[in-house]
Amino acid sequence: FDTHSAMSFRALARTARTLQWSPRSQWVARREMGTNTIRESFLSYFEGRDHARVASSSLVPDNDPTLLFTAAGMVQFKNLFLGKEKRDYTAATTSQRCLRANDLENVGRTARHHTFFEMLGNFSFGQYAKEEAMVLAWTYLTKELGLNEKKLSLTVLRGDDESAKLWSKISGKSDDSITRCGPEDNFWSMGDHVGAPCGPCTEIFYDMGDVPKGDDRHLEIWNLVFMQYQRDEHLDTSKYALDEGKMSSLWSTCVDTGMGLERIASVMQGVHSNYDTDVFNNIISYLQQVVGEKTGKKPPVYVRDSYDQTSVALRVLADHLRAAIFCIPDGIYPRSTGQGYVLRRILRRALRSGVVLGIEKEGFFESALGLMQDDFVGVFPYLKEHIPSIKNIASSEESLFLTTLKKGNEILNEELERVRGTSATLFPSDIVFKLYDTYGFPIDLTSQIVEEHGYKVDENGVGRRMEEQRERSRALFAESG
């Protein structure tokens, strides 16, 4: 029993304490990995398996007028899936910058909702299909990342027995442990318009163990879509079956997979919320520091897994400023329409969260972005030349909206005081519309504020007033034409 053996034994013992036991009686380590390490691990893994490493495309799609933003990794490859374009590769891997803004009100109030996020993906344009896609995914998760196979579960489209059989063969899981779901869950399409590529999908979930109330214990971490069809007409995924003749076959079965980087980072770092990963930890720390400096008070306290007003405000700020950092270099500027209006809403919601934390004067965005910039430039060097314009544009919007916010808050407070003396539960639509139409106060921001006081916006009333405004505009246009 020599010294070398003793050192080896101690090293083995230390290693064993960090390992998980897999169902196949193999020690498998779940390595705690930083977000940047995970991104590179994923891209290198597929690049080493005959995939071209392709740069992320812009947040503004240049090949599809039906999309406002790039919200999935496959967007830049749409024409390859449809057979309308050829490139010098037939398989690719990316980490795609994405933006979704259809549920802004949930950002900061759940563990997963974001505006900006990164989507890891691997894609095949006829090079391989189901089985190899499954093997690649399973091997990456269990061997490269070292996830415990017992914690992984699988879903397939109801009726897709081929995928279920392949998963049993690859994962060793029994057929009855693989969940069958309807097309509303396990059939994916690039939009609901005619001509969209689509196909059945299979999803991989990870058991997060004990989670805070309201969070999902079983977290979807990877979606593998088998692009086999093209829509011939509009489809309602809750009402159609795959044999209804509303789709035609693509030139070849293709593969489109997506794994949210922030989600897999939460798994690898052993936290329940994406906001508690290394990416957001740093941003939230910077925001706490700046708020403390600007208000002259103790930095606000951030509580993990809590949805108190302060913690939600810090999450909203972290998410929204991160989104702005990537939107502006891609040519998205605050405007009253289109992509620019979405960015305006994002920045104004961020500033409203700053006000909740005590921010009252200009200069907050510039200070916060100044602390954040090095972290982002270190990973995305192209951002460096855009930092001055990011700060200028965000600061201009901050200055403009602080004046708007002050006036809007005065109107809101007056109306809230009046409503408190009644039995009303709905906040008047005429006030909501006035704030929007006269002061540029986003409707969802008004909703957020009044909900903090226990009221709901009269959405039907607001909708009627918006339609009346559109009718007046159309009439005015017709008279002038």
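This is a predicted model: local features need pLDDT of at least 70, side-chain atom pairs count only at pLDDT 80 or more; totals for chains, interfaces and linings use all residues.
Me: What does Glu-131 count as at 35% relative accessibility?

Reply: Partly exposed. Residues are numbered from 1 along each chain as its sequence is written, and side-chain values use heavy atoms, leaving out hydrogens and water.

Me: Which side chain does Glu-131 meet in a salt bridge?

Reply: First the general idea: side chains of opposite charge can pair when their charged atoms come close. The rule here wants a side-chain nitrogen of Lys or Arg within 4 Å of a carboxyl oxygen of Asp or Glu. Glu-131 meets Lys-169 at 2.7 Å, N to O. Lys-169 sits in helix 5 (residues 161–171) and Glu-131 in helix 4 (residues 130–144), 38 residues apart. Helices are DSSP runs of H or I with at least four residues, strands are runs of E with at least two, and both are numbered from the N terminus. Lys-169 is exposed, at 58% relative accessible area.

Me: How many salt bridges does the rule give?

Reply: The count comes to 21. Take Arg-97 and Asp-330, which meet at 3.4 Å, N to O. Arg-97 is in strand 4 (residues 91–99) and Asp-330 in the loop between helix 9 and helix 10 (338–356), so this bridge ties together parts 233 residues apart in sequence. Both residues are buried. Then there's Arg-345 with Asp-444, at 3.2 Å, N to O. That one joins helix 10 to helix 14 (residues 443–451), so parts 99 residues apart in sequence are tied together. Arg-345 is buried at 17%, and Asp-444 is buried at 18%.

Me: Which residues are linked in a network of salt bridges?

Reply: Glu-40, Glu-47 and Arg-53.

Me: Why is the ring pair Phe-116 and Phe-326 stacked?

Reply: In general, rings of Phe, Tyr and Trp (its six-membered ring) pair if their centres lie within 6.5 Å; planes under 30 degrees apart are stacked, over 60 edge-to-face, the rest tilted. There are 17 aromatic pairs here. For Phe-116 and Phe-326, the centres are 4.2 Å apart and the planes at 5 degrees, so they're stacked. Phe-116 lies in strand 5 (residues 116–124) and Phe-326 in helix 9 (residues 309–327), so the pair ties together parts 210 residues apart in sequence. Both Phe-116 and Phe-326 are buried.

Conventions
Buried means under 20% relative accessible area, exposed over 50%, partly exposed in between (1.4 Å probe, protein chains only).
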